[in-house]
Amino acid sequence: MQLHHGNEAGSASIGGSAPQQLTGKLFFWAITSALAGFLFGFDTVVISGAEQTIQKLWGLSAGMHGLALGAALYGTVLGSLLGGWPTDRLGRRATLQWIGVLYILSALGCALANDVTTFIVARFIGGVGIGISTIVAPLYISEIAPPALRGRLAGMFQFNIVFGIVVAFASNAALAGTGEQAWRWMLGVAALPSVLYTLFCLVLPESPRWLLARKGDRAGALAVLRLIQPQCSEAELQAQADAIASASAISVQSSSGFWSWRLRKPIALAFLVAFFNQLSGINAILYFAPRIFELTGLGAKAAMLQSVGIGITNLVFTFAGLWLIDRLGRRSLLYIGSVGYIVSLGLCAWAFQTGHFSIVPACIFAFIAAHAVGQGAVIWVLISEIFPSRYRAQGQTLGSATHWVFAALLTTVFPQMVEWSGANQQPTQASWIFLFFCLMMVLQLLWVRLSVPETKGVALEQIQRQLGID
């Protein structure tokens, strides 16, 4: 399924006919909103350096320890379900600012916590911020970016998630030897980038599409469009505003709402791209990498070092995906990622089944590379592109909530999958787990072939038309 673009009426949106340039202001706005992803990645992983100390400090049972560690994930699910409301009602900019406040409260609350209840509440607050960030940050970048730059700019959110993970590992390593209170510093240091992010958000302009679609503020939207594209003539800017307003008016005139037959294609795309993202097994491999490596016979220390290699591989290939997304396109990267998934997971299954454990680490690294170039680079960009302006926040909510619900389920079920397969006693039985993930990626490849559009370089309003939404 291809979305063609050219000099059609729909291309009179942001970046329609004038040369599309990445100005300093546009880059600053995009990287600032993408920093929400950095805080997301940092907050998600930083707990790994403190969790054992926390369990001993407060004498936590296994159940309570799991609850304390999972609090952020539960908050993420809630944030992803509710985040569309402030994104639509308060605006993209205000929502981005409030995310920063939630991150600050979470970092300080965790660092200063004197009991597990306070700690759980603080982690939950941070999780809510993470969930909302996966809705508003990619959406905001998508709405301010010219079509030819949209993939790279919106993809910076994913890159910053991965970068935040790597920085969290490095920060934990640097602070590990600072004494008995090292765990507090590990968690509290997140307040510094959170404060900087919140201050940077104060100078962000509001999305011109939100101003037109939600506030009817044409003058305000034109002012932002002039900042985004100073090279455009006034007539071109007026034409862009007309195209955005026209697409929004069509959405308003429809009485069917979000859950409608009219939006069936973007709804299916948003759900399935998030569903397949998690059914690749990515969270299981990221969260339980040391355990997987230990099944191959590696010692605990060697397994941990291999896990660090996963973080570096993820960062390098996420950068590659960011560079390729506006060159090859979203659909092409999903093809590449799907084939990479199938080959790497298939080889993992074969290696475990036949006892060729020595190749498992290389297969896992190949899997991470395939994810970073494919699904990891594409998911947040694609979801942010395929819905009309009036329903974009709800569409992002659907995709984000699907992602986090299946992430929570997979993370919860994976240890049981290992136990049910008998892999703890007989490592060769782990082959069935990797075979399951491999078969799911075969289904993803078929879905990409039959249903996924190419949105590279296509104006948002033109995507809306060519998906048959108007």
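**Values set against definitions**

Reader: In which helix is Leu82 placed?

Author: Leu82 sits in helix H3 (residues 62–82), a helix being a DSSP run of H or I with at least four residues, just as a strand is a run of E with at least two, both numbered from the N terminus. The model is predicted, so local features need pLDDT of at least 70 and side-chain atom pairs count only at pLDDT 80 or more, while totals for chains, interfaces and linings use all residues. Residues are numbered from 1 along each chain as its sequence is written, and side-chain values use heavy atoms, leaving out hydrogens and water.

Reader: Why is Leu82 called exposed?

Author: Its relative accessibility is 53%. Exposed means over 50% relative accessible area, buried under 20%, and partly exposed in between, with a 1.4 Å probe and protein chains only. Leu82 therefore counts as exposed.

Reader: What makes Thr44 partly exposed?

Author: Thr44, in helix H1, has a relative accessible area of 26%, so it is partly exposed.

Reader: How do you know whether Ser133 is buried or exposed?

Author: Ser133 belongs to helix H6. At 0% relative accessibility Ser133 is buried. Beyond its neighbours within four places in sequence, Ser133 is in contact (heavy atoms within 4.5 Å) with Ala36, Phe40, Ile99, Tyr103, Pro138 and Phe157.

Reader: What makes H18 largely enclosed by the rest of the structure?

Author: Of the 14 residues of H18, 11 are buried, so the helix is largely enclosed by the rest of the structure. Among these buried residues are Val360, Cys363, Ile364, Phe367 and His371. H18 (residues 360–373) reaches 20 Å from its first C-alpha to its last, close to the 20 Å expected. The expected span is 1.5 Å times one less than the number of residues in the helix.

Reader: Where is the kink in H20, and what is said of H1?

Author: The bend at a residue is the angle between axes fitted to the seven residues ending there and the seven starting there. In H20 a kink of about 35 degrees lies at Val413, shortly before the proline Pro415. H20 (residues 392–421) has 30 residues and reaches 41 Å, close to the 44 Å expected. Gly422 follows H20, with a positive phi near 80 degrees. H1 has a kink of about 25 degrees, centred on Ser33. H1 (residues 24–46) reaches 31 Å, close to the 33 Å expected.

Reader: What makes up the largest nonpolar core?

Author: A nonpolar core is a set of buried Ala, Val, Leu, Ile, Met, Phe, Trp, Tyr and Cys residues joined through side-chain atoms within 4.5 Å. The largest one has 137 residues, and those with the most contacts inside it are Leu96, Leu187 and Phe434. Helix H6 (residues 116–144) gives the most to this core, with 12 residues. Apart from residues up to four places away in sequence, Phe434 touches Ile285, Ile292, Leu345, Cys348, Ala349, Phe352 and Ile364.

Reader: How do you know that the radius of gyration agrees with a compact globule?

Author: The radius is taken over C-alpha atoms, and the globule rule is 2.2 Å times the number of residues to the power 0.38. For 470 residues a compact globule would be near 23 Å; the protein chain has 22 Å, so the values agree. The protein chain has 22 helices and 0 strands, and 59% of its 470 residues are buried.
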